[in-house]
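Please walk through the nonpolar core of this protein and the aromatic rings within the structure.

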Amino acid sequence: KTVMYMLYLIHLNACAYYLISWWEGIGVNKFVYNGEGNAYIRCFYFATKTATSIGKNKRPELNNNLEITFMTCTWLLGVFVFAILIGDIRDIVGNARLNQVYYQPT
């Protein structure tokens, strides 16, 4: 369930990235989608890479407030996704050890 939420948020982020690219013009600068390959796959890849903060992310143009705002929201989304994942993993491990801890001799 958590993975589906994460994929959905990344999907929305990929759609927003394409919308920004379309709004500014496909391939007009280094930040937006360049128009090569499958648009959805490339935008989904960018959204995943940016949300997880792996690799060298594209830098927004310094004078473009829309790109700066989008990247800030994307990085915050990444932090949010990692917080949820870490919390869920903690709960899974805690529930798996519950019986062991409950029956542990004192």
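Which residues does Met71 touch, not counting residues up to four places away in sequence? Met71 touches Phe31, Phe46, Thr50, Lys58 and Pro60, where contact means heavy atoms within 4.5 Å. The model is predicted, so local features need pLDDT of at least 70 and side-chain atom pairs pLDDT 80 or more, while totals for chains, interfaces and linings use all residues. Residues are numbered from 1 along each chain as its sequence is written, and side-chain values use heavy atoms, without hydrogens and water.

The largest nonpolar core has 15 residues, and Tyr17, Phe31, Cys43, Phe46, Phe70 and Met71 touch the most other members. Such a core is a set of buried Ala, Val, Leu, Ile, Met, Phe, Trp, Tyr and Cys residues joined through side-chain atoms within 4.5 Å; buried means under 20% relative accessible area (1.4 Å probe, protein chains only). Two or more residues each come from α1 (2-24), α2 (39-52) and α3 (65-96), helices being DSSP runs of H or I with at least four residues, numbered from the N terminus. The largest share, five residues, comes from α1.

The structure also holds seven aromatic pairs, meaning rings of Phe, Tyr and Trp (its six-membered ring) with centres within 6.5 Å. Tyr17 and Phe70 are stacked (planes under 30 degrees apart), because their centres lie 6.1 Å apart with planes at 25 degrees. This pair joins helix α1 to helix α3 across 53 residues, and both partners are buried. Phe31 and Phe46 are edge-to-face (over 60 degrees), at 5.9 Å centre to centre and 90 degrees between the planes. Phe31 sits in the loop between α1 and α2, and Phe46 in helix α2. Relative accessible area is 0% for Phe31 and 4% for Phe46. Ring pairs link Tyr17, Phe31, Phe46 and Phe70 into a cluster.

Conventions. Buried means under 20% relative accessible area, exposed over 50%, partly exposed in between (1.4 Å probe, protein chains only).
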